[in-house]
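Student: I have a structure to go through and I'd like to ask about it bit by bit. Can we start?

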Amino acid sequence: TPRSPTATRPGFAVLLAGNPHPLRSALCEALSQIGPVDTYGAAFGRPVDSKLALLRRYRFAMVPENDLYPGYVTEKIIEAWLAGCVPIWWGSDPAGFLNRDAHVNAATLSIRDLVHQVMDINSDSTKLGFMTSQPILLKPYDFGACVNFIRGRLESSAR
């Protein structure tokens with residue numbers, strides 16, 4: 001999918017959150033060492049009309065999941081990727097759907113290592129361009145398996 005060049009965006013990083021979470025605060029504080037981190041959403045009393053329009057102004061989008069357990073992947077990382085940002089995600093993808101070359105997973109790094117990795121990407125337009133040119137998904141989702149799983153659960157609960 002073609003995406004607009006991320007290196008030319010004026011904003012460094014953004015966090016859009018509906019509810020406050022200590023991890024989100026820690027990520028904001030840590031990445032503020034590199035550049036300004038703008039915060040939006042109900043958690044900050046700054047609602048937005050369009051997530052995508054907001055995200056398109058930034059090179060990085062912090063998109064931590066609300067909880068960390070295997071397979072819990074919401075729209076957050078996909079929306080950041082669609083907007084052309086490098087997603088800084090906090091989540092778990094044991095099935096291997098998400099391309100590690102297209103995002104930074106804060107759940108696998110210490111805060112210090114996260115800051116160093118984001119600083120390195122932000123200061124190197126080649127690395128930034130590489131990450132934003134990568135597909136976010138490594139394999140297609142198997143909707144048939146999902147339907148079969150739900151069907152099996154419904155049939156077993158009807159017995």
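Student: Where is the place of Phe149?

Tutor: Phe149 is in helix α6, residues 143-158. Helices here are DSSP runs of H or I with at least four residues, strands are E runs of at least two, and both are numbered from the N terminus. Before we go on: this is a predicted model, where local features need pLDDT of at least 70, side-chain atom pairs count only at pLDDT 80 or more, and totals for chains, interfaces and linings use all residues. Residues are numbered from 1 along each chain as its sequence is written, and side-chain values use heavy atoms, leaving out hydrogens and water.

Student: OK. Is Phe149 buried or exposed?

Tutor: Phe149 counts as exposed because its relative accessibility is 51%. Buried means under 20% relative accessible area, exposed over 50%, and partly exposed in between, with a 1.4 Å probe and protein chains only.

Student: New topic. Which residues have the most contacts inside the largest nonpolar core?

Tutor: Leu31, Phe60, Met62 and Ile88, in a core of 23 residues. A nonpolar core is a set of buried Ala, Val, Leu, Ile, Met, Phe, Trp, Tyr and Cys residues joined through side-chain atoms within 4.5 Å.

Student: And what gives the most to this core?

Tutor: Helix α1 does, with five residues. Elements that each supply at least two residues include β1 (11-16), β3 (58-64) and β4 (86-90).

Student: How many salt bridges are there?

Tutor: Four. A salt bridge is a side-chain nitrogen of Lys or Arg within 4 Å of a carboxyl oxygen of Asp or Glu. One of them joins Glu75 and Lys51, with the closest N and O atoms 3.7 Å apart. That pair links distant parts of the chain, as Glu75 is in helix α3 (residues 75-82) and Lys51 in helix α2 (residues 51-55), 24 residues apart.

Student: What else does Lys51 meet in a salt bridge?

Tutor: Glu79, at 3.0 Å from N to O. Lys51 in α2 and Glu79 in α3 are 28 residues apart.

Student: Why does Lys51 count as partly exposed?

Tutor: Because its relative accessibility is 35%.

Student: Last one. How many aromatic pairs does the structure hold?

Tutor: Two. Rings of Phe, Tyr and Trp (its six-membered ring) pair if their centres lie within 6.5 Å; planes under 30 degrees apart count as stacked, over 60 as edge-to-face and the rest as tilted. Tyr69 and Tyr72 form a stacked pair, 4.9 Å centre to centre with 25° between the planes.
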